[in-house]
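Hi there,

Here is the structure I promised to pass on. Have a look at it first, and my notes follow below.

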Amino acid sequence: TGYDSVDHLTAATRDIPVCNVPDYGTDEVADHSVALALALCRQILPIDQECKNLGWEIPNKQKIRRFNTMNFGVVGLGRIGASVALKAKALGFTVAFYDPYLSNGVDKSLGLSRYKDWDMFLGRMDVISVNCPLTEETHHMFTRKEFEMMDENAFIINTARGSIINKNDLFRALRKNDIGGAALDVIEDEPLKTRREAQTPNLIVTCHSGFYSLQAAWEMRHKAAALARDIIQGGEIENCINCKFLPRNFVQ
């Protein structure tokens, strides 16, 4: 789905179209985002660890709240973000989103709240799910400044790209209890590098696995192969990332 690691502009200078498969893992990444959010909101991992330490007290009680009292914010309402928003809404969260590139009325069609003020959005959300692409604009979209704007019990989830969140600033915020917790499927300069990083409190990390299921793996290979076949046979170039930079005869 992501193509930030591909030099598609240089490929365009050599008349090479670069395409992606943007929709093969939509369900999986959205499900993973919501699963991480629920794990944070219900403090599943600390409670599990308490039991495995042969204890029977509920840790972090102040962080466990009823879903329908919480504001769930989605950053980037594309394919995955929209799916996350609807799943969270079905679970009872009050769902809002921030996406300055969408046309007016999307909020009405999906029954969501829309924020156009970034600072206000950060301050009012109890859960923030990051589902936007990595661009020059979104690189380090979350830094120390943003974490200080968030509620001290708020949670952040990232299943998009690691560098959208400044890792060092996030880990600092978690150690200082500036926010309630974080769940990361992707990490800046992944994987974790040191024991100190791994021991950051109130942190859940998964191995960039949000995209994966047996079904998604099959669909990714099938769609990529079909796309290549169609291009070779002279068909339409679908999902082209750099076609606007290619010679006119490449653009279908």
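A word on terms before the notes: two strands count as paired if DSSP finds at least two bridges between them. Helices (H or I, at least four residues) and strands (E, at least two) are DSSP runs, numbered from the N terminus. Please keep in mind that this is a predicted model, in which local features need pLDDT of at least 70 and side-chain atom pairs count only at pLDDT 80 or more, while totals for chains, interfaces and linings use all residues. Residues are numbered from 1 along each chain as its sequence is written, and side-chain values use heavy atoms, with hydrogens and water left out.

Now to strand 5 (residues 155-158), which is covered on both faces: F155 and I157 on one side, and I156 and N158 on the other, are all buried (buried is under 20% relative accessible area, exposed over 50%, partly exposed in between, with a 1.4 Å probe and protein chains only).

Strand 5 pairs in the parallel sense with strand 4 (residues 127-130) over four bridges, and V130 stands opposite N158. With strand 6 (residues 181-184), strand 5 again forms a parallel pairing over four bridges; here F155 faces G181. From strand 5 the chain crosses through helix 8 (residues 167-175) to strand 6 in a right-handed β-α-β crossover, meaning that, with the strands pointing away from the viewer, the path from the first strand over the helix to the second runs clockwise. Strand 4, helix 7 (residues 144-149) and strand 5 also make a right-handed β-α-β unit.

Elsewhere, R221 lies in helix 10 (residues 214-232) and counts as exposed because its relative accessibility is 55%.

Best wishes
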